[in-house]
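Hi everyone, thanks for coming. Let me put a structure up on the screen and walk you through a few parts of it.

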Amino acid sequence: MDQRFVGRSGLAVSRIGLGTMTWVRDTPPEEATAQLTAFADAGGTLIDTADVYADGEAERLIGRLIRDVVPRSRLVIATKSVLTPRGDVDASRRNLIRSLDASLSRLGVDEVDLWQLHAFDPRVPLEETLAAVDLAVSTGRTAYAGVCNYTGWQLAAAAVHQQCGPGRAPIVSIQAEYSLLAREIELEVLPAAEYTGVGVLAWSPLGRGVLTGKYRTGIPADSRGASPHMAEFVRPYLDERCRRIVESVVTAADGLGVTPLAVALSWVRDRPGVASAIVGARTHAQLLDILKADRLTLPREIRKALDDVSAL
């Protein structure tokens, strides 16, 4: 699998990343073990997690796997802080450093490769939040820092602030939802990322699973749309506009002799500014399909047709 630099940094990641949001909660440890093994064997390096995934149990599982299954040296480990178990945000310096230290303990490592601010906290001065980032980098808790789900102005404010003083740790990445069904980041976030040299990590590149075509005739019993944890997550992409886009993806896939998954993933993966597309497979079999799909590069005319049908 190809490796790409994240923005204008020296951090290299696989162009497909492995998300772990469902690990432990919906994906049992034996499935997660098989996923990580297959991912690493395919040349995948970026594994993305967060302190709130399964209340920290996803990080704890990763810690066991990098000790017993896949060597830590083969992976780029990214985690997140800011969200709290209560469901709100806390980007205070006190909470951030405590949360990062707890993540390091669960992962069983002294340093992660990428530490990300999971959300913007309007109650805490941005300077205080970014001071925690500087401390995390300067003390060796993380090699690089990024943000998630920031708006364009929030990203620009954070990135420029970190570029305008000695000893400040640069913001190298922004993780944002991006797919044929969700192109809103093209309005402000992508221009801000390009201007500041920040790389994009696209989450949910398969439109929360809808772009695979599995929901064309209903909600499968074994899908996220039928899960009590994920049903509301999927529901917004089951409307008429999304249905039209999915049908166009299916048509393109039929013409190329590939799966709709491959078409949707390739479209996002090769968008300007995208360093990696982070996929979250519930099962080992689903991940194998994703890894096979990574071989596809869309012809220019099909890419243009998909651009047009999914335009904002």
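This is a predicted model: local features need pLDDT of at least 70, side-chain atom pairs count only at pLDDT 80 or more; totals for chains, interfaces and linings use all residues.

Residues are numbered from 1 along each chain as its sequence is written, and side-chain values use heavy atoms, leaving out hydrogens and water.

Let's begin with strand β3, residues 16-19. Helices (H or I, at least four residues) and strands (E, at least two) are DSSP runs, numbered from the N terminus. From β3, Ile16 and Leu18 point one way and Gly17 and Gly19 the other, and all are buried; buried means under 20% relative accessible area, exposed over 50%, and partly exposed in between, with a 1.4 Å probe and protein chains only.

Who are the neighbours? Two strands pair if DSSP finds at least two bridges between them. β3 runs parallel to β10 (residues 274-279), joined by 3 bridges, and Leu18 stands opposite Val279 there. β3 also pairs in the parallel sense with β4 (residues 46-48), over 2 bridges, and in β4 Leu18 stands opposite Ile47.

Now please look at helix α5, residues 152-163. Its 12 residues should span 16 Å at 1.5 Å a residue, and the end C-alpha atoms are 16 Å apart, which agrees; the expected span is 1.5 Å times one less than the number of residues. Which residues of α5 are buried? They are Gly152, Gln154, Leu155, Ala158, Ala159 and Gln162.

On to the cores, each a set of buried Ala, Val, Leu, Ile, Met, Phe, Trp, Tyr and Cys residues joined through side-chain atoms within 4.5 Å. The largest has 91 residues, of which Trp23, Leu155 and Ile174 touch the most other members. Apart from it lies another core of 11 residues, including Leu11 and Val76.

Finally, the two loop residues. Most residues other than glycine have a negative phi. Val24, in the loop between β3 and α1, has a positive phi near 80 degrees, and at 35% relative accessibility Val24 counts as partly exposed. Asn149, in the loop between β7 and α5, has a positive phi of about 60 degrees; at 40% relative accessibility, Asn149 counts as partly exposed.
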